[in-house]
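The stops below are arranged as a series of selections.

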Amino acid sequence: MVVGGMGARLIEYDGSMFELRAVIEPFVCSDAPTECMIVYLPGCERDRHGSVLMELEKAGDCYEPQLKRLARNVLRQRYTDGVIDEMLAPERVSYEDLARASSDTSSTEPPSILKSIFHNTSGSDGIIASWLASDKRDAEIERKEAIRELVKLVRSKLGQELPDDAALPKLRSITLRYVLAGEFRSDLRSAPPSALDAIPAAKTKDEEAAVRELAHQLRTRLSHSYPAMADRVEAELASRRCRPSRDSRIDRHVPF
């Protein structure tokens, strides 16, 4: 077979690891084997401590596809991350379960409503950023009952807990304060001002990175809306402390 323009010998596991090693041995027993080889072990879980193929594993590269990681990439074509988190939460979710979820016809979970509303927006971060920057889609979100999906998406991406029964303007205000305050905190080398005490902080490095990325999107891709958003947060916090924006494309201060 040919992989990446290179010829390679394919050897497949057929029930016995010892038989497999015996088949492979003639091709790798020399001091400097020259032939590329792919050893395929369908349905086998890797034994990291007592594998019969340990020498081969150490000499080559092992590719171990992770079902849930691959499934997330496929499911993102139809769902937002908050919905996907719920699908992948069960410990013993199977390939068959995920295959059904990715099907256009047999999935019990409806495709993402938010993706249809923000159809010109790329990715979950883009959906949250667009929603924070403008309320022009709020009526459609309410009409299509997508508030619950939005709350799950914000929780999944940013770690921010939002009330399920709040109106969209309140949810937007809470999330925007969380994002701008979170970015501000991450830049400080001292204790944050008391005005931020009531605003939760990101709990993990991934959440902190997601907050910073979202703030960056707001300042760059949605720069026309960002000054008004920053002013609104400043007014809500009743704080007049300012720091320069890191992004040179916006000659604007981020108020805190």
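**Before starting**

This is a predicted model, in which local features need pLDDT of at least 70 and side-chain atom pairs count only at pLDDT 80 or more, while totals for chains, interfaces and linings use all residues. Residues are numbered from 1 along each chain as its sequence is written, and side-chain values use heavy atoms, with hydrogens and water left out.

**Stop 1: the whole chain**

Display the chain as a cartoon; twelve helices and six strands are present. These elements are DSSP runs numbered from the N terminus, with helices being H or I of at least four residues and strands E of at least two. Of the 256 residues in the chain, 38% are buried. Here buried means under 20% relative accessible area, exposed means over 50%, and partly exposed lies in between, with a 1.4 Å probe and protein chains only.

Switch to a surface view: the accessible surface of the chain comes to about 15,700 Å², and 49% of it belongs to carbon and sulfur atoms. Such areas come from the Shrake-Rupley method with a 1.4 Å probe, and for residues only the protein chains shown count as cover. Among contacts in the chain with a separation of 6 or more, 60% are between residues 24 or more positions apart; a contact means heavy atoms within 4.5 Å.

**Stop 2: the largest nonpolar core**

Select Trp131, Leu132, Ile141, Leu158, Leu171, Val179 and Leu218, which have the most contacts inside the largest nonpolar core, a group of 41 residues. Helices α6 (113-117), α7 (123-133), α9 (147-158), α10 (168-187), α11 (205-220) and α12 (226-237) each give two or more residues to this core. The greatest contribution, nine residues, is from α10. A nonpolar core is a set of buried Ala, Val, Leu, Ile, Met, Phe, Trp, Tyr and Cys residues joined through side-chain atoms within 4.5 Å. In soluble globular proteins, nonpolar side chains tend to be buried together.

Next, colour α7 by accessibility. Ten of its eleven residues are buried, so α7 is largely enclosed by the rest of the structure. The buried residues of α7 include Ser124, Asp125, Gly126, Trp131 and Leu132. Centre on Leu132: leaving out residues up to four places away in sequence, Leu132 touches Arg172, Thr175, Leu176, Val179, Leu214, Leu218, Met229 and Arg232.

From there, move to Thr175 in helix α10. Is Thr175 buried or exposed? Thr175 counts as buried because its relative accessibility is 0%. With residues up to four places away in sequence again set aside, Thr175 touches Trp131, Leu132, Val154, Leu158 and Leu162. A C-alpha distance of 7.3 Å separates Thr175 from Gln160, 15 residues away along the chain.

**Stop 3: the largest pocket**

Select Val39, Leu41, Cys62, Tyr63 and Glu64, which lie nearest the centre of the largest pocket among its 46 lining residues. The space in this pocket is about 1,900 Å³. A pocket is an open set of points on a 1 Å grid over the protein atoms alone, where a 1.4 Å probe fits, with protein on both sides within 12 Å along at least five of seven lines; lining residues have an atom within 4 Å of a point. The volume is the space filled by probe spheres set on the points.

Which elements supply at least two residues of the lining? They are α1 (17-28), β4 (37-40), α2 (54-59) and α3 (67-75). Helix α1 gives the most, with six residues. By class, the lining has 28 nonpolar, six polar and twelve charged residues; Ala, Val, Leu, Ile, Met, Phe, Trp, Tyr, Cys and Pro count as nonpolar, Asp, Glu, Lys and Arg as charged, and the others, Gly among them, as polar.

**Stop 4: single residues**

Select Glu145 in the loop between α8 (138-143) and α9. Its phi is near 55°, a positive value in a residue other than glycine. Most residues other than glycine have a negative phi. Glu145 counts as exposed because its relative accessibility is 68%.

Continue to Arg148 in helix α9, which is exposed at 55% relative accessibility. Arg148 lies 9.8 Å from Val83, C-alpha to C-alpha, although the two are 65 residues apart in sequence.

Finish with Ala99 in helix α5 (residues 95-102), which is partly exposed with a relative accessible area of 33%.
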